[in-house]
Amino acid sequence: MAQGIHRVTAVGSIAFLVIHITVKLALDHTVLIAALIPFSLGVKGSAGLIGLGSLAGLLMIFVGITGALRNQFASPRPSPPAGARCTCWPTRPGARRWSTACSRAARRSRSS
């Protein structure tokens, strides 16, 4: 049961990622190249935040793909995809920082 809930939330998070990217592109908040290639617009200001978001999105897709392929490599010892999936844990503090910085930038642009 817990594994089923985990899979549903994982698929849902990737679906919401696609919706988020589509909305940002539709509202001209960024360009397609910035969504596909991290830091292609630069590293300072909002371009840096978009780069971090792009990198986080690509890592999220990578984790989703390795999770889907995990059964193919299942064995008693941790498989390479399982080890690769563990790379997401060190990125969590950066993701929280990115989220906070983006929301502050959005509040400033709305109040101007």
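Colleague: Which residues does Lys24 touch, not counting residues up to four places away in sequence?

Modeller: A contact is counted when heavy atoms lie within 4.5 Å. With residues up to four places away in sequence set aside, Lys24 touches His29 and Thr30. This is a predicted model, in which local features need pLDDT of at least 70 and side-chain atom pairs count only at pLDDT 80 or more, whereas totals for chains, interfaces and linings use all residues. Residues are numbered from 1 along each chain as its sequence is written, and side-chain values use heavy atoms, with hydrogens and water left out.

Colleague: Where is the place of Lys24?

Modeller: Helices are DSSP runs of H or I with at least four residues, strands are runs of E with at least two, and both are numbered from the N terminus. Lys24 has its place in helix α1. Its C-alpha atom is separated by 9.3 Å from that of Ala35, eleven residues apart along the chain.

Colleague: How many helices and strands are there in the protein?

Modeller: The protein has five helices and zero strands, and its pattern along the sequence reads α-α-α-α-α.

Colleague: Why is Lys24 classed as partly exposed?

Modeller: The class follows from relative accessible area: buried means under 20%, exposed means over 50%, and partly exposed is in between, with a 1.4 Å probe and protein chains only. Lys24 is partly exposed because its relative accessible area is 31%. Over the protein, buried residues make up 16% of the 112 residues.

Colleague: What does Ala34 contact, leaving aside its neighbours within four places in sequence?

Modeller: Ala34, which lies in helix α2, is in contact with Ser40, Leu41, Ile50 and Ser54. Ala34 counts as buried because its relative accessibility is 2%. A C-alpha separation gives another view: Ala34 and Ile50 are 16 residues apart along the chain, and their C-alpha atoms are separated by 7.1 Å.

Colleague: Which residues make the nonpolar surface patch?

Modeller: Patches are made of residues with over 30% relative accessible area and no salt bridge; like charges are joined within 9 Å, and nonpolar side chains (Val, Leu, Ile, Met, Phe, Trp, Tyr) within 5 Å. A salt bridge is a side-chain nitrogen of Lys or Arg within 4 Å of a carboxyl oxygen of Asp or Glu. Here Val31, Leu32, Ile33, Leu36, Ile37 and Leu41 make a nonpolar surface patch of about 540 Å². One of these residues, Ile37, has its place in the loop between α2 (32-36) and α3 (45-69). Ile37 is partly exposed because its relative accessible area is 45%.

Colleague: At what angle do α1 and α3 pack?

Modeller: Two packed helices are described by the angle between their axes and by the distance between the axes. Axes are lines fitted to C-alpha atoms, for helices over the stretch in contact, and angles run from 0 to 180 degrees between N-to-C directions. The angle between α1 and α3 is about 145°, and their axes are 10 Å apart. Ser13, Ile14 and Leu17 in α1 meet Gly57, Met60, Ile61 and Gly64 in α3.

Colleague: Which residue in the loop between α1 and α2 has a positive phi without being glycine?

Modeller: Asp28 has a phi near 60°, and its place is in that loop. Asp28 counts as exposed because its relative accessibility is 66%. In the loop between α2 and α3, Phe39 also has a positive phi, of about 60°, although it is not a glycine. Phe39 counts as partly exposed because its relative accessibility is 33%.

Conventions:
Areas by Shrake-Rupley, 256 points an atom, 1.4 Å probe, with all protein chains shown as cover.
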